[in-house]
Amino acid sequence: EFRYKGLVDFKAEHGHCNIPYRYSKDVQLGRWVQNQREFYKRRTLSGERYQRLVDIGFSWSLRKGGKWGTAKRKPSDDAVQNIES
């Protein structure tokens, strides 16, 4: 619940839920977001958590014009600003 609230707060501030894995302002939140994507991919995410994330506009893969989803790299903190524009 604590991390979910952090995600909601991040979205309110930035307008999206694409938190980088290595998000310097809250490393644990970045890891939690990545874990949600992994749980979804492995089909181990609970239905309730899935719905709550969908309701706030959570992105299950990080794609913006390019193919982030195929790369091993995670977006940097600077990418957060680029996503918004």
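A nonpolar core is a set of buried Ala, Val, Leu, Ile, Met, Phe, Trp, Tyr and Cys residues joined through side-chain atoms within 4.5 Å. In this predicted model, the largest such core has 14 residues. The average pLDDT of the protein is 79, and 73% of the residues score at least 70. Here is a short tour, starting with the core and ending with a stretch to treat separately.

**The nonpolar core**
- L7, I19, L29, W32, V33, L53 and F58 are the residues with the most contacts inside the largest core.
- Helices α1 (2–14) and α2 (27–41) each supply at least two residues of this core.
- For general background, nonpolar side chains in soluble globular proteins tend to be buried together.
- With neighbours within four places in sequence left aside, L29 is in contact with R3, G6, L7 and I19.

**Helix α1**
- The 13 residues of α1 should span 18 Å at 1.5 Å a residue, and this agrees with its end C-alpha atoms, which are 18 Å apart.
- Y4, L7, F10 and H14 are the buried residues to look for in α1.
- Viewed down the axis of α1, the buried residues fall within an arc of 115°, so they line one face of the helix.
- F2, A12 and E13 are exposed on the other side of α1.
- After α1 comes G15, which has a positive phi, near 85°.

**Salt bridges**
- Four salt bridges turn up in a search of the whole structure.
- One of them joins R52 and E1, with 3.0 Å between the closest N and O atoms.
- Because R52 lies in helix α3 (residues 47–55) and E1 in the segment before α1, this pair ties together parts that are 51 residues apart in sequence.
- R52 counts as partly exposed at 28% relative accessibility, while E1 counts as exposed at 64%.
- R3 and D26 also meet through their side chains in a salt bridge (3.8 Å, N to O).
- That pair links distant parts of the chain, with R3 in helix α1 and D26 in the loop between α1 and α2, 23 residues apart.
- R3 is partly exposed, with a relative accessible area of 23%, and D26 is partly exposed too, at 26%.
- E38 and R42 form a further salt bridge, their closest N and O atoms being 3.6 Å apart.
- E38 is partly exposed at 23% relative accessibility, whereas R42 is exposed, with a relative accessible area of 58%.

**Confidence along the chain**
- Over residues 65–85, pLDDT stays under 50.
- For residues 65–85 the model has 30 contacts beyond four places in sequence.

Definitions and conventions: Residues numbered from 1 in each chain as written. Predicted model: local features only at pLDDT ≥ 70, side-chain atom pairs only at ≥ 80, totals over all residues. Heavy atoms only, no water. Buried < 20%, exposed > 50% of the residue type's maximum accessible area, 1.4 Å probe, protein only. Helix = DSSP H or I, 4+ residues; strand = E, 2+ residues; numbered from the N terminus. Contact = heavy atoms within 4.5 Å. Expected span 1.5 Å × (residues − 1). Arc of directions from axis to C-beta. pLDDT = per-residue confidence, 0-100.
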